[in-house]
Amino acid sequence: MKKMSMRTRVLTGGVAVAALGAGTFGAMSASASAPAAAPAAAIAADATDKNLQQTTHLTVAAATKAAQATLDAAKKENQRVSVAVVDRNGNTLVTLRGDGAGPQSYEAAEKKAFTAVSWNAPTSELVKRLEQAPTLKDIPGTLFLGGGAPVQVKGAPVAGIGVAGAPSGDLDEKFARAGVASLTG
């Protein structure tokens, strides 16, 4: 086989790249111009459908109000805390880190809020359950320390408020309850 010159190799390589690019572009253009598939038929359902469930969720405005009320309660007692408000599913809605609150308090507040809403109970009560079921503390995302309180509507949890940073879980929970109380007034 005859050896190609450098110039021939560069030209051959350039032609191959151009051909490959043109083929890819052509395939993309062809698929872009293809008609879109027809949308799936919509499922007709109304509020009385037994396959649907309605839930109550805290608004961001209400979560912000509760978080601020929580921080205000802590500030009145010269406590530097962080507060988190999570929705019924444990997703964070609002977090506020108070002036001077420790760096660990932010994450701890979120976990306490998640724990309170998950079990629909104040975290101080859940700490007592650890005596009978010590592996509860191993569930990811939870923190079994005082400082979390559920927000309930007709006994069902719709959110959780978690506080961390005060010298005790009792104080953290007192401030979380102030946040819950701000929503009922």
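Is Arg177 buried, partly exposed or exposed? Arg177 is partly exposed, with a relative accessible area of 47%. The model is predicted, and the values below are computed from it.

**Salt bridges**

The structure has 6 salt bridges. Three of these are described here, including one between Glu173 and Arg177. The table gives the N to O separation for each pair.

| Glu125 | Lys128 | 3.4 Å |

Glu173 and Arg177 lie in helix H5, which covers residues 169-182. Because they are 4 residues apart in this helix, about one helical turn separates them. Glu173 is buried, at 4% relative accessibility, whereas Arg177 is partly exposed at 47%.

Helix H4 spans residues 123-129 and contains both Glu125 and Lys128. These residues are 3 apart, so the separation is about one helical turn. Glu125 has a relative accessible area of 37% and is partly exposed. Lys128 is also partly exposed, with 48% relative accessibility. The closest N and O atoms of the two residues are 3.4 Å apart.

Asp138 counts as exposed because its relative accessibility is 53%, and the cut-off for exposed is over 50%.

Notes. Residues are numbered from 1 along each chain as its sequence is written. This is a predicted model: local features need pLDDT of at least 70, side-chain atom pairs count only at pLDDT 80 or more; totals for chains, interfaces and linings use all residues. Side-chain values use heavy atoms; hydrogens and water are left out. A salt bridge is a side-chain nitrogen of Lys or Arg within 4 Å of a carboxyl oxygen of Asp or Glu. Helices (H or I, at least four residues) and strands (E, at least two) are DSSP runs, numbered from the N terminus. Buried means under 20% relative accessible area, exposed over 50%, partly exposed in between (1.4 Å probe, protein chains only).
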